Amino acid sequence: QVQLVESGGGLVQAGGSLRLSCAASGRTFSNYAMGWFRQAPGKEREAVARITGLGRGTYYADSVKGRFTISRDNAKSTVYLQMNSLKPEDTAVYYCAAGSSVLGSYNYWGQGTQVTVSS
């Protein structure tokens, strides 16, 4: 079992930045691929960024490439999402998740953190 707790969400103006953190506990953190997902009202959940267990591979949605950066610190069992040049369409609840394969299914989810970008 893996427990995940997100933090760092909030309200920011368009063009601003936020850094989300997700602290994990319960199992060997580096064994898991990690991902950030988001869900806006009335929309399906989408994968935003994903990273392999050792941090050697990253994957991004086209909508965030060049603006968002995913990283992890395995010594701290924490994954981050640095979000720059935020747009109103980035407004959503952001979830971190852990899975056995970076492009596979994710089995463990955090409770989510709200990100609101005002225009």
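The largest nonpolar core of this predicted model has 30 residues, and those with the most contacts inside it are Leu4, Met34, Trp36, Leu81, Met83 and Tyr94. At least two residues of this core come from each of strand 3 (18–25), strand 4 (33–39), strand 5 (46–51), strand 7 (68–73), strand 8 (78–83), strand 9 (92–99) and strand 11 (113–118). Apart from it lies another core, of 5 residues, including Ala33, Phe37, Ala97 and Tyr106. In soluble globular proteins, nonpolar side chains tend to be buried together.

Tyrosine 94 shows in some detail how one of these core residues is surrounded. Leaving aside residues up to four places away in sequence, Tyr94 touches Glu6, Leu20, Trp36, Phe37, Arg38, Val48, Phe68, Leu81, Met83, Gly112, Thr113 and Val115. Among these partners, Trp36, Leu81 and Met83 are themselves listed with the residues that have the most contacts inside the largest core, while Phe37, also touched by Tyr94, belongs to the separate core of 5 residues.

Among contacts between residues at least 6 apart in sequence, 55% join residues at least 24 apart.

What radius of gyration does the protein have, and how does this agree with a compact globule? Because a compact globule with 119 residues would have a radius of gyration near 14 Å, the 13 Å of the protein agrees with that expectation. Along its principal axes, the C-alpha trace spans about 40 × 25 × 25 Å. Of the 119 residues, 43% count as buried, and the accessible surface comes to about 6000 Å², of which 45% belongs to carbon and sulfur atoms. As for charge, the mean positions of the 12 positive and 7 negative charges are 7 Å apart.

Is serine 100 buried or exposed? Its relative accessible area is 62%, which is over the 50% cut-off, and therefore serine 100 counts as exposed. Not counting residues up to four places away in sequence, Ser100 touches Ser105 and Asn107. Serine 100 and glycine 112 are 12 residues apart in sequence and, C-alpha to C-alpha, 20 Å apart in space; glycine 112, for its part, is one of the residues that Tyr94 touches.

Key:
Residues are numbered from 1 along each chain as its sequence is written. This is a predicted model: local features need pLDDT of at least 70, side-chain atom pairs count only at pLDDT 80 or more; totals for chains, interfaces and linings use all residues. Side-chain values use heavy atoms; hydrogens and water are left out. The radius of gyration is taken over C-alpha atoms; the globule rule is 2.2 Å times the number of residues to the power 0.38. Buried means under 20% relative accessible area, exposed over 50%, partly exposed in between (1.4 Å probe, protein chains only). Contact means heavy atoms within 4.5 Å. Accessible areas come from the Shrake-Rupley method with a 1.4 Å probe; for residues, only the protein chains shown count as cover. Lys and Arg count as positive and Asp and Glu as negative; His and the chain ends are not counted. The place of a charge is taken as NZ of Lys, CZ of Arg, CG of Asp or CD of Glu. A nonpolar core is a set of buried Ala, Val, Leu, Ile, Met, Phe, Trp, Tyr and Cys residues joined through side-chain atoms within 4.5 Å. Helices (H or I, at least four residues) and strands (E, at least two) are DSSP runs, numbered from the N terminus.
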